[in-house]
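Look at the chain and its fold below.

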Amino acid sequence: MRMNVPNLLTLSRIILIPLFVVAYYAPMSGAQTLAASLFVLAAITDWLDGYLARRWGQTSAFGAFFDPVADKLMVAMALLIVLQNDPRLIMALPVAVIIGREITVSALREWMAEIGHRGRVAVSMWGKVKTTVQMISLVILLLADWPTYPLGLLGLYIAAILTLWSMIQYLLAAWPSIANDAQG
């Protein structure tokens, strides 16, 4: 496997995951800010690696597999951290919705690929909007002591609603394959 710039960016995001967690819990002043900065860096590399891979024609099996894995792991770690910091139902609900959707859509995409219909559940505009709102909200929530925390929580609820909407869109797109398979 040749390591090109998009693959190196994906790999850097994977490496950032444990650094992000360690930074957040580091016993030092500014730990939350450092962790939020690492999260922002990961979000930027997420956008940049896909953009460069398409623009430079450097898509690869490595990137196709590890890019979404890195994204989901980084978001899951951030969601777990913000839930651990605020273990109320008001935080648990959007976290559960977002993680549940990611598992559902990942399984759906895998199954659709197995039956040769992967294109029916390709990333949609709603998924991209959801990701943007989710990333911004998580950055705000990671900076838990800031006065913008309620805005971050509101954003996470908007992301959860968009998450459900995009999941419904994916399920509707896959429904003909699901229904056809169920009929035998």
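The report covers confidence, then helix packing, then the cavity.

This is a predicted model, in which local features need pLDDT of at least 70 and side-chain atom pairs count only at pLDDT 80 or more, while totals for chains, interfaces and linings use all residues. Residues are numbered from 1 along each chain as its sequence is written, and side-chain values use heavy atoms, with hydrogens and water left out.

**Confidence**

The protein has a mean pLDDT (the predictor's confidence in each residue, from 0 to 100) of 89, and 93% of its residues reach 70 or more. Helices are DSSP runs (H or I, at least four residues), numbered from the N terminus.

**Helix packing**

Axes are lines fitted to C-alpha atoms over the stretch in contact, and angles run from 0 to 180 degrees between N-to-C directions.

| Pair | Angle | Axes |
|---|---|---|
| α1 (residues 5-25) and α3 | about 15 degrees | 9 Å apart |
| α2 and α5 (residues 125-142) | about 165 degrees | 9 Å apart |
| α3 and α4 (residues 89-114) | roughly 160 degrees | within 10 Å |

Angles under 35 degrees count as roughly parallel and those over 145 as roughly antiparallel. With an angle of about 15 degrees, α1 is roughly parallel to α3. The crossing of α1 and α3 is left-handed, a term for a near helix turned anticlockwise from the far one by less than a right angle (right-handed if clockwise). The contact of α1 with α3 has 16 nonpolar, 5 polar and 3 charged residues. Here Ala, Val, Leu, Ile, Met, Phe, Trp, Tyr, Cys and Pro count as nonpolar, Asp, Glu, Lys and Arg as charged, and the others, Gly among them, as polar.

α2 and α5 are roughly antiparallel to each other, and their crossing is right-handed. At roughly 160 degrees, α3 is roughly antiparallel to α4. α3 passes α4 in a left-handed crossing.

**The cavity**

A cavity is a set of points on a 1 Å grid over the protein atoms alone where a 1.4 Å probe fits but cannot get out, and lining residues have an atom within 4 Å of a point. Grid points are joined across faces, edges and corners, and a volume is the space filled by probe spheres set on the points. The count is 1 cavity of 30 Å³ or more, and the largest cavity holds about 40 Å³. Its lining consists of Arg13, Phe39, Ala42, Ala43, Asp46, Asp71, Met74, Val75 and Met135. By class, 6 of the lining residues are nonpolar, none polar and 3 charged. α2 (31-55) and α3 (61-85) each supply at least two lining residues, and α2 gives the most, with 4.

Terms used
On a 1 Å grid over the protein atoms alone, a cavity is a set of points where a 1.4 Å probe fits but cannot get out, and a pocket is an open set with protein on both sides within 12 Å along at least five of seven lines; lining residues have an atom within 4 Å of a point. Angles under 35 degrees count as roughly parallel, over 145 as roughly antiparallel, 65 to 115 as roughly perpendicular and the rest as oblique.
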